[in-house]
Amino acid sequence: MSDLLSARAQMGMSLAFHIVFAVIGIAMPLLMVAAERRWQLYRHPVDLELAKRWAKGTAILFAVGAVSGTVLSFELGLLWPRFMALAGPIIGMPFSLEGFAFFTEAIFLGVYLYGWDRVSPRAHLWAGVAVAVSGAASGVFVVIANAWMNAPTGFELVGGQAIHVRPFAAMANPAALAQTLHMTLAAYAATGFGVAGIHALLLLRDPANAFHRRALEVALLVAAPAALLQPISGDIAGRQIARHQPIKLAAAEAVFVTQRGAPLTIGGWPDVATRRTRFGVDIPYGLSLLAFHDPHAEVVGLDAAPPDEWPNVPAVHLAFQVMVALGTYLAFVAVWAAWQAWRRADLARQRWLLRAIALATPMGFVAVETGWLVTELGRQPWIIYGVMKTADAVTPMPGLIVPFLTFTLLYCVLGVIVCWLLYRQIVRSPAGPGGQLHSPARGAP
Amino acid sequence: MTLATVAAGAIFLALNAYALLGGADFGGGVWDLFASGPHRERQRELIAEAMGPVWEANHVWLILAIVLLFTCFPAAFARLGTLLHIPLSLALIGIVLRGSAFTFWRYGDAGPDDARPRRWAVMFAVASLVTPLVLGTTAGAIAAGRLGAAGSRPGGDFYAIYVAPWLTPFALAVGVFALVAFAFLAAVYLTLEARDRELEEVFRRRALGAGVALFGAAALALFLAQRDAPRVRDMLLAGPWAMPLQLATAAAALTALAALWYRRWALARVAAAAQVSFILWGWALGQYPAILPPDLTIAATAAPPATLGAMLVVLVVGAMVLVPALAYLFRVFKGGERTA
């Protein structure tokens, strides 16, 4: 394994690990605040129990997210010092804003987790709101920095040096809006369906359980709107990359030849050697229609770039197809659940719907991972699109396979422990129609 | 004073806050490891309760310092990441293990007998011991001025470039100094957090012991600096501000020890924090105007003025959110009123 590949693998592995916790850290506070608000309004003990248990899970996941995020901020310099030497002054702004947002999040999470008996119920709820808002804000800031790597603006490059640096213009890069919208909705959809799916599974066994019924309700209220809006934000993102990162779109859609009226290829395996996609199903004019809202629009193919500037086409295409398929499934389940709720049906007794939701548990997270693969792999060989190649950014230190393997082992162990702890917490969920273990008096704010 | 100097000052201020707050959390882990006597479990409980609500916020100071560094002094960040890859990676592993183990311990479900699993607590405590050593060692390597330009070129001897700069007696002594300083801060703070006389006395003894050990660690580092970091040593002993700074540090140190002796916990906390801060600023002034000695100066590595100006705006706006929020956090959990 070359040092460049080791560095990319370490960065990719660190991001793949962190993104799960980051996404949960954005959405979970919204769920726990919603449950707490219900408790304050209706005084049903199930809501308080739910808020406390979700807060407990959030505490573990947030901490792992925080430390793995710290690793990433250092890895920017440990693995990509030359990238940071150029990009630091240009995209440091969103990172610094993220630093402050993350600070706010950590402060109010402390108040929320430890303040049940220390601050007024009102202050406690607002602390939760502050966690939810600053969590979403820090996600947005980090994604803005990533968007700049895809659509770099706000500087001029002269002799390898960035001059006329305009940090605000760099933040307002063309990819920022599409990416932040898509990622934020993904966080709510993935986490919401992740939580809803677990409780749906438990409801299949114990349909009368008030605890799981309420949990399913709150989680779906977050997940379903996000999953329904996601295709719209996906359309915005798709049209954005069609204009600003055409090679990424060409790889994602496996378009080898620039053409007007390009078809949409569903499935299929792109064969780079013969420049053909085999086994796919073509929908005529589909891609031109999607990417430009015009059936005869010209879609740039991979032939517009020399082959050494192509990303790994089969990997990007596969990841993209998986993301779209899973996102479509989540939107479909969201419509189904919304329809049943509109009919005022008892969701907890709709066994097929519960099965569909249970099946969705991991799907949002897989969609997040594959979507992120499309963004990052699709930009290769560039680390800053059109400006700096990844190979020119890597640290000169040899032997990078050692840190890669070390951090991989560390994260594997952590991942197993987190899953085990969450599993134990879930199996100890309150049982029966009452759905609660503790008397309402205990721990009431 | 230039914009770049202000930015460098802000970074060092964040590091200072990290040492006083995040450092004390590491120190707490050290005292968990060395908890002894009949009140062992109550000591551990006190430490965990003192850290619980604040440790994540305290940790963010480090992230803030790093982010400000790569924004304002990208070349310095790039060289640090390259030449200190090994100790920084080790510190990261320590940070990951410390934080994760602490929440696994406090938030993982208790076992069937309602006891919190001790294995997480041990992992937390050991990581709390190792991380400050490594962080201090990197600080020592920076202060020693061994991270020159020659090393950041490809090729050359691996050991000479990536290991030798930080694996020196001086850098390791600074690591020990950081560990003792963090343990000292933690013990001093814990005298104030303790809810009963017995625990107050336990941590008073530890604080006094650590305070004396800190003198020893400082003397050792200063002695080794003669060979490894002569520049910083000369500035510390003979620089234009050396005398007032030395006097202030000594006064703070003696005040801290005297306050501990006479059980004036609040005064001891202020004096101990001042003492550690003076030492840190002594280091900063000792290498000024270099941000990464020997050759990278604040002026030469500073980001363009547009970036520095924007950063200043972000800092001011961020501080307007951060300061009240932090004040609220510490008022709620460290406000002095003790819940039984």
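Which kind of link do the side chains of Arg42(B) and Glu198(B) meet in? In this predicted model, in which local features need pLDDT of at least 70, side-chain atom pairs count only at pLDDT 80 or more, and totals for chains, interfaces and linings use all residues, side-chain values use heavy atoms, with hydrogens and water left out. Residues are numbered from 1 along each chain as its sequence is written, while chains are lettered from A and ligands numbered from 1 in the order in which they are written.

The side chains of Arg42(B) and Glu198(B) meet in a salt bridge, at 3.3 Å from N to O, a salt bridge being a side-chain nitrogen of Lys or Arg within 4 Å of a carboxyl oxygen of Asp or Glu. This pair links distant parts of the chain, with Arg42(B) in helix α2 (residues 40-51) of chain B and Glu198(B) in helix α9 (residues 197-228) of chain B, 156 residues apart. Helices (H or I, at least four residues) and strands (E, at least two) are DSSP runs, numbered from the N terminus. Arg42(B) counts as partly exposed at 35% relative accessibility, and Glu198(B) is likewise partly exposed, with a relative accessible area of 41%; in these terms buried means under 20% relative accessible area, exposed over 50%, and partly exposed in between (1.4 Å probe, protein chains only).

A further salt bridge in chain B joins Arg197(B) to Glu201(B), with the closest N and O atoms 3.5 Å apart. Both residues lie in helix α9 of chain B, where a spacing of four residues amounts to about one turn of the helix. Arg197(B) is exposed, with a relative accessible area of 52%, whereas Glu201(B), at 15% relative accessibility, counts as buried.

In chain A, Arg349(A) forms a salt bridge with Asp346(A), the closest N and O atoms being 3.7 Å apart, and Asp346(A) counts as partly exposed at 30% relative accessibility. Arg38(A), Asp47(A), Arg214(A) and Glu217(A) are linked in a network of salt bridges. Over all chains, the structure holds 23 salt bridges.

Between chain A and chain B, however, the count of salt bridges is zero. The contact (heavy atoms within 4.5 Å) takes 63 residues from chain A and 65 residues from chain B. The size of an interface is often given as the accessible area lost when the parts come together. Here the area buried between chain A and chain B is about 5,900 Å², of which carbon and sulfur atoms give 78%; buried area is the accessible area (1.4 Å probe) that two parts lose on being put together, summed over both.

Across the interface of chain A and chain B, the rule finds five residue pairs in polar contact, both residues being at pLDDT 80 or more. A polar contact is a pair of N or O atoms within 3.5 Å; within protein, one must be able to donate a hydrogen and the other to accept it, and residues adjacent in sequence count only if both atoms are side-chain atoms. On the side of chain A that touches chain B, α2 (45-79), α3 (81-114), α5 (167-171) and α13 (401-427) of chain A each supply at least two residues, and the largest share, 23 residues, comes from α3(A). By class, this side of chain A has 46 nonpolar, 13 polar and four charged residues, where Ala, Val, Leu, Ile, Met, Phe, Trp, Tyr, Cys and Pro count as nonpolar, Asp, Glu, Lys and Arg as charged, and the others, Gly among them, as polar.

Helix α13 of chain A is also the place of Gln425(A), which is buried, with a relative accessible area of 7%. The side chain of Gln425(A) reaches the backbone oxygen of Arg53(A) at 3.4 Å.

Most residues other than glycine have a negative phi, and most peptide bonds are trans. The peptide bond from Tyr288(B) to Pro289(B) is cis, with omega near 5°, and Pro289(B) lies in the loop between α12 (265-287) and β1 (290-292) of chain B. The peptide bond from Pro293(B) to Pro294(B) is also cis, with omega near 10°.

The predictor gives the complex an ipTM of 0.91 and a pTM of 0.92. Chain B averages a pLDDT of 89, and 94% of the residues score at least 70, pLDDT being the predictor's confidence in each residue, from 0 to 100.
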